[in-house]
Amino acid sequence: MSQSGATVHGDCIAAYNDLKLNKKYKYIIFKLSDDNKEIVVESTSEDGADYEDFRNKLIEAKSKSKSGAVGKGPRYAVYDVQYDLASGEGTRNKITFIAWSPDDAGVMAKMIYASSKEALKRALNGIAVELQANDADDIEYESLVKTVSKGRRLFKGGTWGGHVI
């Protein structure tokens, strides 16, 4: 259980294990249920497999306030980042946890997501990298690969997620 009291639904762990062990998904996006009591799976790469689909889903995420107003919303995501090493030593994969909390999301939504994040991270064993993202530039794929690879990625001629770098 998190500081906010939210629990992690079993489907989150099952989907994560499908990503990690079975390579069924490239990404999973999680959200808090409407009553903010449970973290649930919102979507997976089955719903759109390329990175731009993933990025757009985060940017377009909505949350409803207690008053019923709908605005931009935070999300959690896991992305299996693959990149080529600049040294030519091959390709690496790192499972990356992304805490998406846009600057223009509601304060209450951001607070609840921040206080629930650790519960989800504890439930998902094997996260290699964590990224806090607050605007669209933070989740550009080049920025994500740079963070995950710690600068050891191939800069030219490589591919990542269908993109030529």
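Trainee: Starting at the end of a strand here, which residue stands opposite tryptophan 100?

Mentor: Tryptophan 100 stands opposite alanine 133, which is in E8. Keep in mind that this is a predicted model.

Trainee: Okay. How do E7 and E8 run, parallel or antiparallel, and how many bridges join them?

Mentor: E7 and E8 run parallel, and five bridges join them.

Trainee: And the whole sheet, what's the strand order?

Mentor: Six strands make an open sheet, ordered E1-E3-E2-E6-E7-E8, and the pairing is mixed.

Trainee: At the E1 end, then, in which sense do E1 and E3 pair?

Mentor: Parallel: strand E1, residues 7-8, pairs with strand E3, residues 38-44, over two bridges. Valine 8 stands opposite isoleucine 39 of E3 there.

Trainee: What about E2 and E3, parallel or antiparallel?

Mentor: Antiparallel, over five bridges, with E2 covering residues 27-32. Phenylalanine 30 is opposite valine 41 in E3.

Trainee: How many residues sit between the strands in that hairpin, and which one takes a positive phi?

Mentor: There are five residues between E2 and E3, and asparagine 36 takes the positive phi, near 60°.

Trainee: Switching to the inside. Which residues touch the most other members in the largest nonpolar core?

Mentor: Phe54 and Ile98 do, in a core of 20 residues. The elements giving two or more residues to this core are E2, helix H2 (51-59), strand E6 (75-84), strand E7 (91-100), strand E8 (129-133) and helix H4 (141-149).

Trainee: What does phenylalanine 54 touch, leaving out residues up to four places away in sequence?

Mentor: Phenylalanine 54 touches Tyr27, Ile29, Ala77, Tyr79 and Ile98. Another core of 19 residues lies apart from that one, and its members include Ile39, Tyr76, Tyr113 and Leu124.

Trainee: Now alanine 15. Where is it found, and is it buried or exposed?

Mentor: Alanine 15 is in helix H1, residues 10-20. Its relative accessible area is 7%, so alanine 15 is buried.

Trainee: What is alanine 15 in contact with, neighbours within four places aside?

Mentor: Alanine 15 contacts Tyr25, Ile28 and Val41. Tyrosine 25 is 10 residues from alanine 15 along the chain, and their C-alpha atoms are separated by 8.1 Å.

Trainee: Let's do charges. How many salt bridges does a search of the whole structure find?

Mentor: Eight. One has the side chains of arginine 75 and glutamate 42 meeting at 2.8 Å, N to O. Arginine 75 is in strand E6 and glutamate 42 is in strand E3, so the pair ties together parts 33 residues apart in sequence.

Trainee: Are those two buried or exposed?

Mentor: Arginine 75 is buried, at a relative accessible area of 3%. Glutamate 42 is partly exposed, at 36%.

Trainee: What does lysine 117 meet in a salt bridge?

Mentor: Lysine 117 meets glutamate 130, side chain to side chain, at 2.8 Å, N to O. Lysine 117 counts as buried at 16% relative accessibility, while glutamate 130, at 34%, counts as partly exposed.

Trainee: And which residue forms a salt bridge with glutamate 118?

Mentor: Lysine 121, with the closest N and O atoms 3.5 Å apart. Both glutamate 118 and lysine 121 lie in helix H3, three residues apart, or about one turn of the helix. Glutamate 118 is partly exposed at 38% relative accessibility, and lysine 121 is partly exposed too, with a relative accessible area of 22%. Through shared partners, salt bridges join Lys117, Glu118, Lys121 and Glu130 into one network.

Trainee: Last topic, the surface. Which residues make the nonpolar patch?

Mentor: Val107, Met108 and Met111 make a nonpolar surface patch of about 320 Å². Methionine 111 lies in helix H3, residues 107-123.

Trainee: Why does methionine 111 count as exposed?

Mentor: Because its relative accessibility is 51%, and the cut-off for exposed is over 50%.

Methods: Residues numbered from 1 in each chain as written. Predicted model: local features only at pLDDT ≥ 70, side-chain atom pairs only at ≥ 80, totals over all residues. Heavy atoms only, no water. Patch = residues over 30% accessible without salt bridge, like charges linked within 9 Å, V, L, I, M, F, W, Y side chains within 5 Å. Areas by Shrake-Rupley, 256 points an atom, 1.4 Å probe, with all protein chains shown as cover. Salt bridge = Lys/Arg side-chain N within 4 Å of Asp/Glu carboxyl O. Helix = DSSP H or I, 4+ residues; strand = E, 2+ residues; numbered from the N terminus. Buried < 20%, exposed > 50% of the residue type's maximum accessible area, 1.4 Å probe, protein only. Pairing = 2+ DSSP bridges. Core = buried A, V, L, I, M, F, W, Y, C linked by side-chain atoms within 4.5 Å. Contact = heavy atoms within 4.5 Å.
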